[in-house]
Amino acid sequence: MSITYKDAAGIEGMRVACILASEVLDYLTPFMKAGVTTREIDKLANDYMVNVQGTVSATLGYQPSGYPPYPASLCTSLNHVVCHGIPNDKPLKKGDIMNIDVTVITKDGWFGDNSRMYLIGDVSIAAKRLCRVTFEAMWQGIMRVKPGVRLGDIGFAIQTFAEKQGFSVVREFCGHGIGQRFHEEPQVLHYGRPGTLELLTPGMTFTIEPMINAGKRDIKDGPEKDGWTIVTRDHSLSAQWEHTVLVTETGYEVLTLSAGSPATPDFVAAWHAAAPAAATLTADSAA
């Protein structure tokens, strides 16, 4: 599979899909409280996609080679779950942290993919810090996107930032190209060496979605043995944030920014002010 470069129509299709994906998370935000089950959240999301947006979930029934069909419309990864947590009937409790990952497919066949962390009630200082640093690590990668940069530069920026904060980067899962297929080339590693891997070119669309652990980076299959759930080997907390980005002629556009998206870190604007040629900060991504 080769990298697909989106033309003007494709870029517009991706903009629509990605905003819709982010708006699912906007819709779910008020429901993220102690006592709610992840299965209830999954039903809310599916109903919103199908009945309000006219989209469908890309994950429901998704079955890559070697995996069982995924049984839900969302991934809900709680506390030490790194990724692919399957919604269930266990209620959320105060102090939990959870990633919700949603991918929609529009009627025109475009995929929009993003995820956010949610803090349930009062959480520990350590959990808040992990979620914040992971969010900032994602942006450390995003703000380096521009033509002529290589994917290794993005991974290096994320890895260096996270490890300086005392955290570790999961290696087994990565971001990916996306368009009219859920997973396209290139793979987007969240670690690496500068000046390596694919060269960024206008029209590329891909996700940046680092998974950062509070402890060691080692992972394993979850105790459920469901073929999907991945947890930290040392049972430490894990966090993940995800945006889909477009490589523009001069920099990047974050496609999954909606009205409810968390504010961009202050250092992003400072980066662009100090090196305006480094990338283009769109009006949406500056909000």
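This report walks through the charged pairs and aromatic rings of a predicted model.

## Salt bridges

A search of the whole structure turns up 8 salt bridges. Let's start with E12 and R15, whose closest N and O atoms are 3.3 Å apart. These two sit 3 residues apart in helix α1 (residues 8–28), so about one helical turn separates them. E12 is partly exposed, with a relative accessible area of 41%, and R15 is partly exposed too, at 31%.

Now for a bridge that reaches across the sequence: R116 pairs with D26, with 2.6 Å between the closest N and O atoms. R116 belongs to strand β5 and D26 to helix α1, so this pair ties together parts that are 90 residues apart in sequence. R116 has a relative accessible area of 5%, which means that it is buried.

R39 and D89 make another salt bridge, and here the closest N and O atoms are 2.7 Å apart. This pair also links distant parts of the chain: R39 is in helix α2, while D89 is in the loop between β3 (81–83) and β4 (97–105), 50 residues away. R39 is partly exposed at 42% relative accessible area, whereas D89 is exposed at 53%. As for shared partners, E12 and R15 join E253 in one network of salt bridges.

## A charge without a bridge

D42 also sits in helix α2, which spans residues 38–53. D42 is buried but has no salt bridge; the nearest side chain of opposite charge belongs to R39, 6.9 Å away. So what does D42 touch? Setting aside neighbours within four places in sequence, D42 is in contact with A72, S73, L74 and P87.

## Aromatic rings

There are 9 aromatic pairs in the structure. One of them is F111 with F182, a stacked pair with 5.9 Å from centre to centre and 20° between the planes. The two come from distant parts of the chain, 71 residues apart: F111 is in strand β5 (residues 111–119), and F182 is in the loop between β7 (175–177) and β8 (184–188). Both F111 and F182 are buried.

F161 and F267 form a tilted pair, 6.3 Å centre to centre with 45° between the planes. F161 is in helix α4 (residues 151–164) and F267 in helix α5 (residues 266–274), 106 residues apart. F161 counts as buried because its relative accessibility is 16%, while F267, at 24%, counts as partly exposed.

F111 and F182 turn up again in an aromatic cluster, together with Y62, Y67, Y70 and W228. Elsewhere, a ring meets a charge: the charged end of R171 sits over the ring of Y191, 4.4 Å from its centre.

Conventions. Residues numbered from 1 in each chain as written. Predicted model: local features only at pLDDT ≥ 70, side-chain atom pairs only at ≥ 80, totals over all residues. Heavy atoms only, no water. Helix = DSSP H or I, 4+ residues; strand = E, 2+ residues; numbered from the N terminus. Buried < 20%, exposed > 50% of the residue type's maximum accessible area, 1.4 Å probe, protein only. Lys, Arg positive; Asp, Glu negative; His and termini not counted. Salt bridge = Lys/Arg side-chain N within 4 Å of Asp/Glu carboxyl O. Contact = heavy atoms within 4.5 Å. Phe/Tyr/Trp six-rings, centres within 6.5 Å; stacked < 30°, edge-to-face > 60°. Lys NZ or Arg CZ within 6 Å of the ring centre and 35° of its normal.
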